[in-house]
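Please examine the sequence and the three-dimensional structure shown below.

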Amino acid sequence: MKLTLWTYEGPPHVGAMRIATAMTGVHYVLHAPQGDTYADLLFTMIERRDRRPPVTYTTFQARDLGGDTAELFKTAAREAVARFRPEVLLVGASCTGELIQDDPEGLTRGLDVPVIALDLPAYQRKENWGASETFYHLVRRFAAGKPLPREGRQPCCNILGPTALGFRHRDDVREIEQLLGRLGVAINVVAPMGASPGDLTRLGEADFNVVLYPEIADTAAAWLERQFGQKRVTTVPIGVGATRAFVAEVAALAGLSAADCERNSNLPWYSRSVDATYLTGKKVFIFGDASHAIAAARVAVTELGFALVGLGTYSREYAKDVRQAAASYGIEALITDDYLDVEAQVAATEPDLVLGTQMERHICKRLGIPCAVISAPVHVQDFPARYSPQMGFEGANVLFDTWVHPLMMGLEEHLLAMFREDSEFGEGAAPSHLPVSAAPVPVDVVAEAAPSADAVWLPEAEQALRRIPVFVRGKARRNTEAYARSQGVAAIALQTLYDARAHYAR
């Protein structure tokens with residue numbers, strides 16, 4: 001058994017909770033020990049929902065294990081139905097509840113409500129798979145209907161995949177609904193977010209399905225295609241190019257013209273307007289769920305001109321797709337759910353920017369590298385009160401702001417260097433809001449990398465190095481030493497520092 005501090009995904013029953021919480025008229029009875037109720041905090045504290053998820057825990061304790069835990073489950077299910085009156089009851093077990101080997105499906109026979117038993121193997125599968133399976137079983141149970149005659153009506157589609165606790169799912173759905181509206185496509189059902197089991201009975205009436213989040217909805221959409229002949233839109237509209245491809249794919253299925261929907265994002269103009277010699281070629285490392293990681297790599301390389309030095313995912317079910325994407329950029333994909341592997345690769349590639357998850361945000365804070373979050377798992381700051389989609393043309397604007405701003409600090413380097421010797425801005429100066437007599441602020445020498453054992457820095461070069469801002473000083477030292485070794489220079493002089501800077505600026 002391998003212990004870990006952080007995990008990219010929770011157990012599969014958390015995925016089932018994301019589906020139940022996203023929908024209405026659904027309740028989930030979970031055979032779980034006291035303590036597993038921590039999962040409620042993911043929704044109320046991290047996502048900042050105004051109500052707790054629709055989950056009843058059996059909350060058995062150690063002393064219950066010698067008694068009748070099956071009766072405990074039956075009582076919890078019976079009381080949940082009486083109290084919440086759901087349209088459908090989901091039943092299952094957490095990883096610990098699974099070990100007891102009670103039978104949730106058999107124990108709920110006779111209840112006057114439809115029951116779906118979830119068999120989610122907690123020791124083989126993870127959260128996204130659990131969400132996908134739960135949504136698939138709900139769709140299989142309730143989906144019905146058939147497309148209405150096309151004459152005299154708008155084409156319509158279903159939007160599949162958004163869940164509770166999803167990264168910007170709420171705003172993505174709003175952006176895509178607006179995009180489809182401008183194109184002239186009506187929305188039949190959005191699911192699971194906001195849908196009831198009754199809404200799922202209308203899924204078959206749509207002309208086609210839009211799969212926004214393949215990790216959640218691909219399995220259900222494939223079943224709908226087999227069952228009702230509904231085609232799927234598989235382009236994930238992240239970035240300007242992918243949004244245009246998404247519009248073209250939708251227009252082709254709907255029999256409409258994509259020209260009416262054409263709208264330029266600010267991203268292409270912004271990316272051209274920024275000093276190309278500064279941003280172009282910046283090294284970026286990307287890690288996240290498969291869909292967001294692949295999309296981020298495409299935007300970073302083709303729309304912002306960054307150089308991709310790493311691409312990876314924790315979504316093992318989509319490892320093949322990520323490997324193919326990485327190979328197209330001439331690099332090898334990193335497929336792992338161990339954050340220490342990711343940290344090691346980030347440190348080895350020395351990127352200028354990391355696009356990742358909450359985990360990479362922690363890693364980059366320690367390594368002193370700018371980071372922007374592009375994928376779950378996320379933290380409370382990734383559920384902003386403002387409108388902040390990742391998809392569509394407006395989403396492309398958000399991507400530009402989110403990804404480029406961490407690097408914009410660098411544009412001020414020349415100003416910092418210019419005023420470094422000024423008494424008001426020098427390293428020893430106190431903050432300007434404090435009285436003049438305040439004691440100087442000590443320099444954080446811990447943040448600077450230790451000098452290399454095989455490099456000798458001459459005093460003048462060492463002094464110049466200390467004028468470089470502290471958050472990039474370690475990298476400047478390493479690059480200069482690497483350049484000196486490549487040139488066979490034993491003592492690093494001021495000119496060596498300038499030559500190294502010119503070398504890496506090319």
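The model is predicted, so to speak of its local features requires a pLDDT of at least 70, side-chain atom pairs count only at pLDDT 80 or more, and totals for chains, interfaces and linings use all residues. Residues are numbered from 1 along each chain as its sequence is written, and side-chain values use heavy atoms, with hydrogens and water left out.

The aromatic rings come first. Rings of Phe, Tyr and Trp (for Trp, its six-membered ring) pair if their centres lie within 6.5 Å; planes under 30 degrees apart count as stacked, over 60 as edge-to-face and the rest as tilted. By this rule there are five aromatic pairs. One of them joins Trp-6 and Tyr-339, with 4.9 Å from centre to centre and 45 degrees between the planes, and is tilted. Trp-6 lies in the segment before helix H1 (12-22) and Tyr-339 in helix H15 (residues 339-349), so this pair ties together parts that are 333 residues apart in sequence. Helices (H or I, at least four residues) and strands (E, at least two) are DSSP runs, numbered from the N terminus.

Are these two residues buried or exposed? Buried means under 20% relative accessible area, exposed over 50%, and partly exposed in between (1.4 Å probe, protein chains only). Trp-6 counts as partly exposed because its relative accessibility is 27%, whereas Tyr-339 is buried because its relative accessible area is 10%.

The pair of Tyr-8 and Phe-287 is tilted because the ring centres are 5.2 Å apart and the planes stand at 50 degrees. This pair also links distant parts of the chain: Tyr-8 is in the segment before H1 and Phe-287 in strand E9 (residues 283-288), 279 residues apart. Tyr-8 and Phe-287 are both buried.

A charge sits over a ring if NZ of Lys or CZ of Arg is within 6 Å of the ring centre and within 35 degrees of the ring normal. Arg-174 lies over the face of Tyr-387, at 3.9 Å from the ring centre, and Arg-477 lies over the face of Trp-457, at 5.1 Å from the ring centre.

The next topic is empty space. Rolling a probe the size of a water molecule over the atoms shows where empty space is left. On a 1 Å grid over the protein atoms alone, a cavity is a set of points where a 1.4 Å probe fits but cannot get out, and a pocket is an open set with protein on both sides within 12 Å along at least five of seven lines; lining residues have an atom within 4 Å of a point. Grid points are joined across faces, edges and corners, and a volume is the space filled by probe spheres set on the points.

There is one cavity of 30 Å³ or more. The largest cavity holds about 50 Å³ of space, and its lining consists of Ile-238, His-292, Ala-296, Ile-374, Gln-390, Leu-399 and Trp-403. Helix H13 (290-302) and helix H17 (392-408) are the elements that give two or more residues to this lining.

The second largest pocket contains about 1400 Å³ of space. Its lining has 46 residues, of which Trp-6, Thr-7, Tyr-8, Glu-9 and Gly-10 lie nearest the pocket centre.

A search of the whole structure for disulfides (pairs of cysteine sulfur atoms within 2.5 Å) finds zero. Cys-371 is in no disulfide, and the nearest cysteine sulfur, that of Cys-364, is 4.2 Å away.

The last topic is the backbone. Most residues other than glycine have a negative phi, and most peptide bonds are trans. The peptide bond from Ala-191 to Pro-192 is cis, with omega near 5 degrees; Pro-192 is in the loop between strand E6 (186-191) and helix H8 (197-200). Another cis peptide bond joins Ala-376 and Pro-377, where omega is about 5 degrees. Thr-59 has a positive phi, near 45 degrees, and is partly exposed because its relative accessibility is 32%. Arg-168 has a positive phi of about 60 degrees, but counts as buried because its relative accessibility is 11%.
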